[in-house]
Amino acid sequence: MTDTVTLHTYFYSSCSGRLRIALHLKQIPFKSVYVNLLKGEQSSPAHLAINPSGTVPALVIQRESKAPVTITQSLAALEYLAEAFPEQGPALLPPISDPEGRAVVRTLADIISCDIQPVTNLRIVKRVAPLGVERAAWSKDLMEDGFRAYETVAKESAGKFSVGDSITIADLCLVPAAWAAQRMGVDLSQYPVTNEIVKNLEMEEAVKKGHWRSQEDTPEELRIQE
């Protein structure tokens, strides 16, 4: 039984969005600690003591009779939630008896986390600026490359979601990346399979709750108006 779950998060962070959605899907109550990346709070001594990478998210779980667990990488945290809470909400991974399906889920998740998300990372885009490139165009081009790869793989695996008809870790990575891509001007309609998956995901209540425009630290002018 979970005692306390704390998520160190930032509303714009797509990696944080993955975990917000996962926790809502698993119906795991959690407390949010908001880390403002634009104010540099991720580099504070207090935050670095929790996440030495100086990033978000960080998931801290205190379970009964166990030492606290701190996970500072979102994919590791997603797999932890899948393994530690197998009976709550969707499994997030195909069964162990389907290693091929699990490999496809991980491949799609890695396309997002390795090829798409890094080019939107604040630390990365700040380092690109001195090179004389237009940061938004640079990020957009690389994101489109990543989504083309995702589309190619997902064409073979998709049902309602990225791999069949159950939400998996791939979907939890996809939908926040799609939101970031839309903010960068990427037209997702050029990836019809992926775009349809995103539309299906956005109908899920957990996804609505995890949306970057629905968070307590989202500036008022950016929040979804009821």
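These legends describe close-up views of a predicted model.

View 1. The protein splits into domain 1, residues 4–90, and domain 2, residues 99–208. Their C-alpha centres are 20 Å apart. Domain 1 gives 17 residues to the contact, and domain 2 gives 19 residues. Together the two domains bury about 1,600 Å². Carbon and sulfur atoms account for 71% of that area. On the domain 1 side, the greatest losses of area to domain 2 fall on Arg18, Ile21 and Leu75. These residues make up 34% of what that side buries.

**View 2. Polar links across the domain interface, and the domain 1 face.** One salt bridge crosses between domain 1 and domain 2. The count of residue pairs in polar contact between the domains is also one. Two elements of domain 1 each give two or more residues to the side that touches domain 2: helix H1 (14–25) and helix H3 (74–84). H1 supplies the largest share, eight residues. By class, this side of domain 1 holds ten nonpolar, five polar and two charged residues.

**View 3. The Glu79–Arg106 salt bridge.** Side chains of opposite charge can pair when their charged atoms come close. Here Arg106 pairs with Glu79, with 3.1 Å between the closest N and O atoms. Glu79 sits in helix H3 and Arg106 in helix H4, so the bridge ties together parts 27 residues apart in sequence. Glu79 has a relative accessible area of 22% and is partly exposed. Arg106 is also partly exposed, at 32%.

**View 4. A salt bridge within helix H6.** The whole structure contains four salt bridges. One of them joins Asp145 and Arg148, whose closest N and O atoms are 2.3 Å apart. Both residues belong to helix H6 (residues 135–157). They are three residues apart, about one turn of the helix. Asp145 is partly exposed, with 42% relative accessible area. Arg148 is partly exposed too, at 40%.

**View 5. The Glu220–Arg223 salt bridge.** Arg223 and Glu220 form a salt bridge with a closest N to O distance of 3.7 Å. The relative accessibility of Arg223 is 27%, which makes this residue partly exposed.

View 6. Most residues other than glycine have a negative phi, and most peptide bonds are trans. The bond between Val56 and Pro57 is cis, with omega about 5 degrees. Pro57 lies in the loop that runs between helix H2 (45–50) and strand E3 (58–63). Gln27 has a positive phi, near 55 degrees. Gln27 is in the loop between H1 and strand E2 (31–34). With a relative accessible area of 66%, Gln27 is exposed. Leu92 has a positive phi near 80 degrees. The loop between H3 and helix H4 (99–116) holds Leu92. Leu92 is buried, at 1% relative accessible area.

**View 7. Asn200 and its contacts.** Asn200 belongs to helix H8 (residues 192–201). Its relative accessibility is 18%, so Asn200 counts as buried because the cut-off is under 20%. Neighbours within four places in sequence aside, Asn200 is in contact with Lys160 and Phe161.

Note on methods:
Residues are numbered from 1 along each chain as its sequence is written. This is a predicted model: local features need pLDDT of at least 70, side-chain atom pairs count only at pLDDT 80 or more; totals for chains, interfaces and linings use all residues. Side-chain values use heavy atoms; hydrogens and water are left out. Helices (H or I, at least four residues) and strands (E, at least two) are DSSP runs, numbered from the N terminus. Buried means under 20% relative accessible area, exposed over 50%, partly exposed in between (1.4 Å probe, protein chains only). Contact means heavy atoms within 4.5 Å. Domain bounds come from an automatic or database domain assignment. Buried area is the accessible area (1.4 Å probe) that two parts lose on being put together, summed over both. A salt bridge is a side-chain nitrogen of Lys or Arg within 4 Å of a carboxyl oxygen of Asp or Glu. A polar contact is a pair of N or O atoms within 3.5 Å; within protein, one must be able to donate a hydrogen and the other to accept it, and residues adjacent in sequence count only if both atoms are side-chain atoms. Ala, Val, Leu, Ile, Met, Phe, Trp, Tyr, Cys and Pro count as nonpolar, Asp, Glu, Lys and Arg as charged, and the others, Gly among them, as polar.
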